Amino acid sequence: LAQGPGGCRYRLAEKAMVERILWIIVATSLAVLFLSSGPSSLEFRPLQDAKQQPRQQAKETHVKLLLTSDFFDINDGGDLPELLKSMVSETGWVGPGATAVWLRDGRMGWSDTYARFLEIDVPGINRLKDLGITRHVGLWINRDGTPGSQMILEDDMVGNVSRVADLPEVKQAIDEAVLLVVPGGEPYKLLKNLRLAPGSEVWAHAQARINRGELVYFARSAGTIIAGSNVDITGFRSASTIEETRYYLGDPVNWTGLNLLPGDIALRPHYTPGGMIGANLRNAHNRGNWSHDDFIQHVHAHHPGVVPVPILDGDYLVYHGGRMHLGHSHPLNSHAQLASGFVASI
């Protein structure tokens, strides 16, 4: 343990040390520690570094975000379901059953979209129904990736029943919802569809309700990645090379996410430590081969001031009441202990 100029600096030389948990309580709302130096060392910095960016503004205290790797998949969700139920109850929803809209464009163009939905998302739907969120509507800004495709609403997601919808119909569906569910897939496809019309208008409408505290943003995987201020932290599918990335995020690449959290933050769900190929072997054309630690080191090097936040399966990041908090849906002594790249908040 050594004291460095920017905060505490910890070095973990061997893989066995990666399973240790580092908990630091900071007087500000959150502290995040993360990886940046060579393949055999870890450098950690506090999250308040990210909050010093002048373009960042404090978020409204009624914004409610719940960001996960895997919804409720580990240990039956732990305290996550009750936390979500509490957040939904604060939206002003009144009635016997609440509505969730699922923004599904992360799997745009996938041939196995429905099979993945049944495997990954239906268990989440069932858990949400147990919490009183009984109506689930699917939304595609662009389901097949064809330019000019019409938006689609799925009134029966499990039954795979869908219809073409115009912008007023989509806005109405969002107005009737208390929960915006943004599941997994490819974050860059999802972002592209939210940046272009009519997706940009849909997102502006949804974000206005989120900012007023009327709509809870509940995400996993790709939906979690795009919630940050910077998305240059994944090499999955459409992000495996810089050429593919430019197709979805523009040229020059616009790495900006939805920026739903205070501070410059890049979120890395499904975080798995190790396997770093290192800066000498990384290049813009082999991003699909980078480890999560490679991306975290890359963010340090190419996006000064951005704080990468690794989130393991079974962990979740909450923004509620103007404060951020890291939670766990598994016991702290489980095999999925929080990796030593992240620290919880007060």
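**Whole chain**

Start with everything shown. The protein has 346 residues, of which 57% count as buried. Nine helices and 13 strands make up its secondary structure. Taking contacts between residues at least 6 apart in sequence, 72% join residues at least 24 apart.

Now colour by pLDDT. The average for the protein is 80, and 76% of the residues score at least 70. Select residues 1–58: pLDDT stays under 50 there, although the model has 143 contacts beyond four places in sequence for this stretch. Then select residues 331–346, where pLDDT also stays under 50. For residues 331–346 the model has 67 contacts beyond four places in sequence. Where pLDDT is low, the predicted coordinates should not be read in detail. Hide both stretches if they get in the way.

**Helix H2**

Select residues 80–89, which form helix H2. Show the side chains of Leu80, Pro81, Leu84, Met87 and Val88, the buried residues of H2. Looking down the axis, you will find them on the same side of H2, because they cover an arc of only 125° around that axis.

What do the buried residues of H2 pack against?

- Helix H3 (113–130) is the helix among the partners.
- Strands S3 (65–68) and S5 (133–140) are also in contact with the buried residues of H2.
- Strands S8 (179–182), S9 (216–220) and S12 (315–320) complete the set.

**Helices H5 and H8**

Select residues 187–195 for helix H5 and residues 242–249 for helix H8. Two packed helices are described by the angle between their axes and the distance between the axes. For H5 and H8 the angle is about 25° and the axes are 8 Å apart. Angles under 35 degrees count as roughly parallel, and H5 and H8 are therefore roughly parallel to each other.

Show the side chains where the two helices meet. From H5 come Tyr188, Lys189, Leu191, Lys192 and Arg195; from H8 come Thr245, Tyr247, Tyr248 and Leu249. By class, this contact of H5 with H8 has five nonpolar, one polar and three charged residues.

Stay on H8. Which of its residues are buried? They are Ile242, Thr245, Tyr248 and Leu249. Their arc around the axis is only 120°, which puts them on the same side of H8. The buried residues of H8 pack against H5.

**From the end of H8 onward**

Next, select Asp251 and Pro252, which are joined by a cis peptide bond with omega about 5°. Pro252 is in the loop between H8 and strand S10.

Further along, select Asn259, which is also in the loop between H8 and strand S10 (265–269). Is Asn259 buried or exposed? Buried means under 20% relative accessible area, so Asn259, with 17%, is buried.

**The loop between H7 and H8**

Go to Ser229, in the loop between helix H7 (222–225) and H8. Ser229 is buried, with a relative accessible area of 4%. Select Ala266 as well; 37 residues in sequence separate Ser229 and Ala266, but their C-alpha atoms are 6.2 Å apart.

Arg237 lies in the loop between H7 and H8. Arg237 is not a glycine, but has a positive phi of about 50°. With a relative accessible area of 38%, Arg237 is partly exposed.

Select Ala197 and Pro198. A cis peptide bond joins them, with omega about 5°. Pro198 lies in the loop between H5 and helix H6 (199–211).

Finish at Asn160, in the loop between strand S6 (151–156) and strand S7 (161–165). Phi of Asn160 is near 60°, a positive value in a residue other than glycine. Asn160 counts as partly exposed, at 43% relative accessibility.

Technical notes:
Residues numbered from 1 in each chain as written. Heavy atoms only, no water. Buried < 20%, exposed > 50% of the residue type's maximum accessible area, 1.4 Å probe, protein only. Helix = DSSP H or I, 4+ residues; strand = E, 2+ residues; numbered from the N terminus. Arc of directions from axis to C-beta. Contact = heavy atoms within 4.5 Å. Axes fitted to C-alpha atoms, helices over the stretch in contact; angles between N-to-C directions. Parallel < 35°, antiparallel > 145°, perpendicular 65-115°, else oblique. Nonpolar A, V, L, I, M, F, W, Y, C, P; charged D, E, K, R; others polar. pLDDT = per-residue confidence, 0-100.
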